[in-house]
Amino acid sequence: MNAMDRQPRRVVADKVTMAHGGGGKAMRDLIEDVFTSVFRPPGMEDQARLMTEAVTVPGARLAFTTDGFVVSPMEFPGGDIGKIAVCGTVNDLAVGGAKPLWLSAAFIIEEGVEISTLRRIAASMQKAADDAGVSIVTGDTKVVGKGSGDGVFITTSGIGVIEPGRDLLAETVQPGDVAIVNGVLGDHGAAILAARGDMALSTEIPSDCQPLNHLMEAILTAAPGTRVARDATRGGLASALNEIADAAGVGIEIGEDVLPLRTEVKGVCEILGLDPLYLANEGTLVIFVPEEQAHAALSAMRATDAGRQAVIIGKATTQHPRTVVMKTVFGGLRIVDMLVGEQLPRIC
Amino acid sequence: MKYADEFRDPVAAKGVLAAIERVTQEIGATKEKPVHIMEVCGGHTHAIFRYGLDKLTPKGLEFIHGPGCPVCVLPMSRVDECVQIAEDPKVIFTTFGDAMRVPGTKKSLIQAKADGADIRMVYSPLDALELARRNPDREVVFFGLGFETTTPSTALSILQADADGLTNFTIFCNHITVPPPIKALLDDPHMILDGFVGPGHVSMVIGTEPYQFIARDYGKPIVVAGFEPLDLLQSVLMVLEQIRDGRAEVENQYSRIVPNEGNPVSIAACEKVYEPRPTFEWRGLGEIDASGLRIRDRYKAFDAEVKFNIGYGRNTSFTEEQEGCACGDVMTGRIKPHACPQFGKGCTPEMPLGALMVSSEGACAAYYQYGGLDLEPAE
């Protein structure tokens, strides 16, 4: 009997207990009621059986990626851990030049989590999957005792297809190539800091969390010479640029005056002594394109929802190889290094 | 951003930079024989590098980066004592974020946290006080650290805890004061400083009076400065003009924030709660007379040194700096950070040997992070 042919089972408990991880009826009900009945197409098997014509094209390749998500708080302005778990993996595939198709989702749930929270997270995942045009095709749940987790941890893996001839690689970046970002920096990091409530900041900066695959398609269609794209997640734009400079053996120079930043994010950084270049993003990418295709890429980006605020932030140079520098609003230059550990707020 | 962008205006900066260039020439300072100005505060050091001001000012002007980074000058033995307190299972140890990574002789607080100690980052001692109220069965300790900028809020939290009758809240007091190390630097026979840029946020509390000895007794100019790039440049210009004119005065560039008499309420709260220690150890500088604060007997119920039986100089054996570490020479201006043999080799922000590499406000860390290359803009 297929799950689609019968009445879906209902979870009656308010909170997750160890029984929901025991392998019995409670677990089955949780999986069916909270997850598989929400994810489309419904009725997941433990094993997904997949095929798409796109992989049969000669020269096409599969892309496969995985990512773990542990964000706290689980729900914040502009998103939740479910939305991030889908967007993060979709974006990892997209910035590599792949068209994302299928995701898996594994949940580690701490005893005591509200079932209603899980329902919101699952709905949010399906919404993000719809926006990105991908399917969540297989998954798993585990329950751990109180204190052994922190709410819900989600691991998503994703499979996509790379069209023949697409080969985005950081080491292909040449001096003279132009760096473009799709939108404002640091919103996610600032949103999480504010949402944690430790700082008593009365601002509601929404996270920038969003799927970037449609934006990437627009970029690669308009500017097929695009060398590389990176989503500026943990470690922020600074880390993404340093990785590229290092891989390509070029210098990178960006301009402080052109960096797109929300006034609220600037304010949060001023108050807490943080640098927005290192704040995490969940829907922001940087691309490097040959100068002659920069205009085409920029116009194509601005025509998409995720790229409306796209702007050129700098270029690759022959000077100071493997080093990222920023021209300050004063005309001075400073090195933008990789972050050493976690960004820790300063005392005074 | 209002009230910040105005003080970062590149056009206005050009004018001030031109004046700095002119006055430096009028003084006759050159790259070979530069004029030395110390910015005392780590916040200023950070701003100089963040905005690349050292690259914009003339070669005849050299910044010497002072001891005003409280995290950097904290002796390792005190970090060890923090770890010792934090590892007590009934303790919730609270601290400002940038103290987490300071190395002790065995471990830093961040390592102690990984080993299971309950260590939490807070933004204010009042947050620690709130934790104590919410956890009556735990012992909440706040790591009181910093100059006159942070001493009043710690004092206030003690007064508040006293008024509320809290018995599970203490301060591990490591507060230090700015004037004594400046005096120690001026007394150093190798001293080469020609003037000072003074820390504005400290003066917001203590006013400008405590710096009079610098001008009066040592004949050196000092200008109390704000933290935006234009504040700093204007202050540097004011110091240079004093040098050119043969004046030695205490001037206040940061008058929009700093009243000359300081903040009487804060001063009174600190007077009530603290008294100077006879002496306190500064990493890289050694013992400096009357440079540290301790909690008065009246409030000893809130003193972690009393509750956890840690007396300054009692359990402490003075920590030797690592072999080859030249923090003291850098701080007195005898050498530049990159002239230290360990700079970037044995000593990096990942694995700091010496104090100045620890916090982003330390001169060595700032050099390492922002200024390592002699860069020219690529046009």
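I count two strands as paired if DSSP finds at least two bridges between them. Helices (H or I, at least four residues) and strands (E, at least two) are DSSP runs, numbered from the N terminus.

The model is predicted: local features need pLDDT of at least 70 and side-chain atom pairs count only at pLDDT 80 or more, while totals for chains, interfaces and linings use all residues. Residues are numbered from 1 along each chain as its sequence is written, and chains are lettered from A and ligands numbered from 1 in the order in which they are written.

**Entry 1. Strands of chain A**

I looked up the partners of β11(A) (residues 311-317). Strand β9(A) (residues 251-255) pairs with β11(A) in the antiparallel sense, over four bridges. There A:Gly251 has A:Thr317 as its bridge partner. I also found β7(A) (residues 178-181) joined to β11(A) by four bridges, again antiparallel.

I then turned to β8(A) (residues 228-231). It runs antiparallel to β10(A) (residues 285-289), with four bridges between them, and A:Ala229 stands opposite A:Ile287. I checked which way the residues of β8(A) point: A:Val228 and A:Arg230 go one way, A:Ala229 and A:Asp231 the other, and all are buried. For burial I use 20 or more other C-beta atoms within 10 Å of the residue's own; exposed is 12 or fewer, partly exposed is in between, and C-beta atoms are placed from the backbone.

**Entry 2. Nonpolar core**

I take a nonpolar core as a set of buried Ala, Val, Leu, Ile, Met, Phe, Trp, Tyr and Cys residues joined through C-beta atoms within 7 Å. The largest one has 225 residues, and those touching the most other members are A:Ile180, A:Leu241, A:Val286, A:Ile287, A:Ala297, B:Ala86 and B:Leu356.

Neighbours within four places in sequence aside, A:Val286 contacts A:Ala179, A:Ile180, A:Val181, A:Arg230, A:Ala232, A:Leu237, A:Ala240 and A:Leu241.

**Entry 3. Domains of chain A**

Domain bounds come from an automatic or database domain assignment. For chain A I have domain 1 (11-44 + 60-162) and domain 2 (170-335). Their centres, taken over C-alpha atoms, are 28 Å apart. Domain 1 puts 20 residues into the contact and domain 2 puts in 21. On the domain 1 side, α2 (81-95), β4 (98-110) and α3 (115-132) of chain A each give two or more residues. The largest share, eight residues, is from α2(A). I sorted the residues of that side as twelve nonpolar, five polar and three charged. Here Ala, Val, Leu, Ile, Met, Phe, Trp, Tyr, Cys and Pro count as nonpolar, Asp, Glu, Lys and Arg as charged, and the others, Gly among them, as polar.

**Entry 4. Domains of chain B**

Chain B is assigned domain 1 (5-69 + 192-252), domain 2 (76-178 + 262-307) and domain 3 (327-370). I looked at domains 1 and 3, whose C-alpha centres lie 21 Å apart. The contact involves 15 residues of domain 1 and nine residues of domain 3. On the domain 1 side, β1, α2 (42-50) and β2 of chain B each supply at least two residues. Six residues, the largest share, come from α2(B). By class this side has seven nonpolar, seven polar and one charged residues.

**Entry 5. Sheet of chain B**

I traced an open sheet of five strands with parallel pairing, in the order β2-β1-β7-β8-β9. β2 (61-68) and β9 (250-252) of chain B are at the edges with a single partner strand each, so one side of each has no neighbour in the sheet. Six bridges join β1(B) (residues 35-41) to β2(B), in parallel, and B:Met38 stands opposite B:Ile64.

Helix α4(B) (residues 76-86) has eight of its eleven residues buried, so the helix is largely enclosed by the rest of the structure. Among the buried ones I noted B:Arg78 and B:Glu81. The cover over them includes β3 (91-95), β5 (139-146) and α13 (304-307) of chain B.

B:Gly284 sits in the loop between β11 (279-282) and β12 (286-289) of chain B. I find it buried, with 21 other C-beta atoms within 10 Å. Residues up to four places away in sequence not counted, B:Gly284 touches B:Val73, B:Cys327, B:Gly328, B:Met331, B:Gly354, B:Ala355 and B:Leu356.

Note on methods:
Contact = placed C-beta atoms within 7 Å.
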